[in-house]
Amino acid sequence: MGKKLLTSFVIAVVFLLSAISPALANDTVIPVVIDIKPGSDPNPFNVKSKGKIAVALLGTAELDVMTVDPESLVLVNPEYAFPAGPSVSPLRCSLEDSNEDGILDIVVLYNKEDLRPLTVTKVPHGYEMAIGMRGNLKAEYTRDPIYGEDIIVVLNKMYDEEE
Ligand SMILES: [Ca+2]
Ligand SMILES: [Ca+2]
């Protein structure tokens, strides 16, 4: 009798899990690898500078970048809630093998000035902070969200500790 009860319990749990899993799969964020300033490590970022900054979304054996919606690729500060916090939209994107590993990558250009709301002005010179890239797959590939982070070194000589 106890064994029979256990069997029904297991069947019930398996049934429940299979019913829930499609919903869970929808919320699963695909982790991706990004490289701020491709070819440079560390990644110095002067909060006062203008121009453009490149961020590569690296293709891997698991991620074919052709399935990613390039216009969805925004930069965020991981410490701010998304989508409530500030995010930086891409200027333009190109498909190239940025790290020369034979797998296609997406290189996205952003306006450096647009990153100011993410970096804040009150961070000391030399401060290391994470910048995240969010986006999603194209509609025909389920639109699953993707997310990756890299570190910038904030160059901010104007910072005054007494303020
Ligand atoms: Ca880099
Ligand atoms: Ca590559």
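Predicted model: local features only at pLDDT ≥ 70, side-chain atom pairs only at ≥ 80, totals over all residues.
User: Which strand is Ile 36 found in?

Analyst: Residues are numbered from 1 along each chain as its sequence is written, with chains lettered from A and ligands numbered from 1 in the order in which they are written. Strands here are DSSP runs of E, at least two residues long, and helices are runs of H or I, at least four, both numbered from the N terminus. On that numbering, Ile 36 sits in β2.

User: Is Ile 36 buried or exposed?

Analyst: The call rests on C-beta atoms placed from the backbone: 20 or more others within 10 Å means buried, 12 or fewer exposed, and in between partly exposed. Ile 36 has 22 other C-beta atoms within 10 Å, so Ile 36 is buried.

User: Where does β2 go in the open sheet of 4 strands, and what is the strand order?

Analyst: Strands count as paired if DSSP finds at least two bridges between them. β2 and β7 (92-96) are the edge strands, each pairing on one side only. The pairing is antiparallel, and the order reads β2-β4-β8-β7.

User: What is the bridge partner of Cys 93 in β8?

Analyst: β7 and β8 run antiparallel to each other over 5 bridges. In β8, Cys 93 is bridged to Val 108.

User: Which residues is Val 108 in contact with, leaving aside neighbours within four places in sequence?

Analyst: A contact means two C-beta atoms, placed from the backbone, within 7 Å. With those sequence neighbours left out, the list for Val 108 is Val 55, Leu 57, Pro 70, Leu 73, Pro 90 and Cys 93.

User: What share of the contacts with a separation of 6 or more comes from residues 24 or more positions apart?

Analyst: The chain has 2 helices and 10 strands, and 21% of its 163 residues count as buried. For contacts in the chain with a separation of 6 or more, residues 24 or more positions apart account for 64%.
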